[in-house]
Amino acid sequence: MGELIHRPKSSVHRHLQAQARRNRHPESGFWETEEGEAWLRLLVFAVLYTFGLQHHVGAGALSDFFQLIRLHTHVGVSPSALQTQLSRMEALLPLFQQQCEASVPTRTRQAVVAADETFFGEILILVLMDLSSGYLLLESIQKDRGFDTWFAQVTPRLEALGIEVNHAISDRAKALIKLAVTGFECTSGADTFHEQYGLSRWLSPALGRRKAKADQCCELAQKALDQPSRGASTEEKAALAAQQACAWEARAQVEQAQQEYQKQLLGIAEEIHPFSLEENTRTTAESVVAGLETRAQALETLAAQQGIQDTRSALKKFRAQIGALSSHVSFWWLWVEEILLGWSLDEATRQWLTSKLLPVLYWHYQMRKTQNRVHRKRYQEAWQRALEAWKADPFHSGFSESELQRWLEWGEWMVRQFHRSSSAVEGRNGRLSQLYHNGRGLTKCRLAALTVIHNYGVRRSDGTIAAERLFSTSFPDLFDWLLNQMGELPLPRKSRHRVVHNPLKLEIVPA
């Protein structure tokens, strides 16, 4: 055989011996074929990409997995070899995003963004996201969260992508408010989620404690009534029954208070819509302010009835942010009017778009988006009312099919631009928190790789990635590109023999 392939016999013998050592399992022969080698390469890199990068599984655990499925005879799967491959992936992924962003034609893109900071021990991460697409514009580890740091990090990113921020949503951190007003030159909207959370921290625990105490009183009253003391008179039994009825009434009042609290808390979100839930009429900033103040008064009355003190001034803080919460509605309507004014439409068309078409598309989008059962039911009812009103209006019959489709596409894009919460950023922070608390921390290289995976590797239920939704164009598959860049798999090395030390074997030590 050596003569046929022009190789020394010793070399052929050595390779045959190595092949015999590798092919110790029934499936080993497949890994020697061209198809098997390609599939093996796909398997190893897919595991490293999915579990090593996306889920932060350590190289030691991955090495154990590969050894359990008996790949260590064909591939170098030691922890150090796998860590080298993971480091190479981390270095390659930002290059993919740079290539994709460079391939997109430069043009101005108007956006609604959310900004937030998250802390993991001594690590501070600044996060800026385009809310409509979910694209992470910035995710950077910094030493402080002041305005100057934010502005220095954000400005080159927005200029490179051609993004013009129309509205910024955040918590009420001063640096983030200044970033919106001074840096982006736009309005700063309060995050609805944070305001609801502040109220829930005030009322929910207090009502829960009262409910638990009322349940305990009902249980004690029931036991006393079921097991009266010997020789108890009729009057004593009647007193126990009255005591039980009083305990039940107190519990019913607490349960009613909890229901009212939940209703008002959910109602805060229901007030912040560009259309009324009941009449589908256009809402204004003034109507939103009035509705939120009504909710605040109802919570204040509820707290007074239950004797709950507002020691943290939660209601005062909420009222201070009512104006910032109403800005979501006023900004969105200003954007709609600006677009329609630029198209020079007649009054009848503008009225049909704002009062008939947009309500149908908006409530349908909210109905599909929300995960709350109560909200979904109310949104569905509002959508059905809006749809009936749209069908009853004959104005749309004057449009051709192509014109109507054009208005539908614009309307669907417009309703996706209404945002009132930065919960998408909070979800991203929660995801990073999971990875960090796996015990391996977050380095700048790993965070940059995770950012690229979020933008170009994670798909929604409709099959789109964040980059496609932001830039309105398609991109190469991230993992396929990475697979082509990774090169060949490392070969296994012959491990050292384990040394077993015998404590009874004494070596002669020279004097």
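**Note on salt bridges and overall form**

1. Glu219 and Lys223 both lie in helix H8, four residues apart, which is about one turn of the helix; helices (H or I, at least four residues) and strands (E, at least two) are DSSP runs, numbered from the N terminus. Their side chains meet in a salt bridge at 3.7 Å, N to O, the term standing for a side-chain nitrogen of Lys or Arg within 4 Å of a carboxyl oxygen of Asp or Glu. Glu219 is partly exposed at 46% relative accessibility, and Lys223 is partly exposed at 48%; buried means under 20% relative accessible area, exposed over 50%, and partly exposed in between (1.4 Å probe, protein chains only).

2. This is a predicted model, in which local features need pLDDT of at least 70 and side-chain atom pairs count only at pLDDT 80 or more, whereas totals for chains, interfaces and linings use all residues. Residues are numbered from 1 along each chain as its sequence is written, and side-chain values use heavy atoms, with hydrogens and water left out.

3. Arg251 forms a salt bridge with Asp215, with the closest N and O atoms 3.5 Å apart. This pair links distant parts of the chain, since Arg251 belongs to helix H9 (residues 234-271) and Asp215 to helix H8 (residues 192-226), 36 residues apart. Arg251 is partly exposed, with a relative accessible area of 26%, and Asp215 also counts as partly exposed at 26%.

4. In the salt bridge between Glu139 and Arg428, the closest N and O atoms are 2.8 Å apart. Here too distant parts of the chain are linked: Glu139 is in strand E3 (residues 135-142) and Arg428 in helix H16 (residues 423-440), 289 residues apart. Glu139 is buried, with a relative accessible area of 10%, and Arg428 is buried as well, at 8%. The structure holds 16 salt bridges.

5. On the overall form, the secondary structure comes to 19 helices and five strands. The radius of gyration of the protein is 32 Å, whereas a compact globule of 511 residues would have one near 24 Å; the value is taken over C-alpha atoms, and the globule rule is 2.2 Å times the number of residues to the power 0.38. The C-alpha atoms fill a box of roughly 100 × 90 × 50 Å along the principal axes.

6. Buried residues make up 44% of the 511 residues. Among contacts (heavy atoms within 4.5 Å) with a separation of 6 or more, residues 24 or more positions apart account for 69%.
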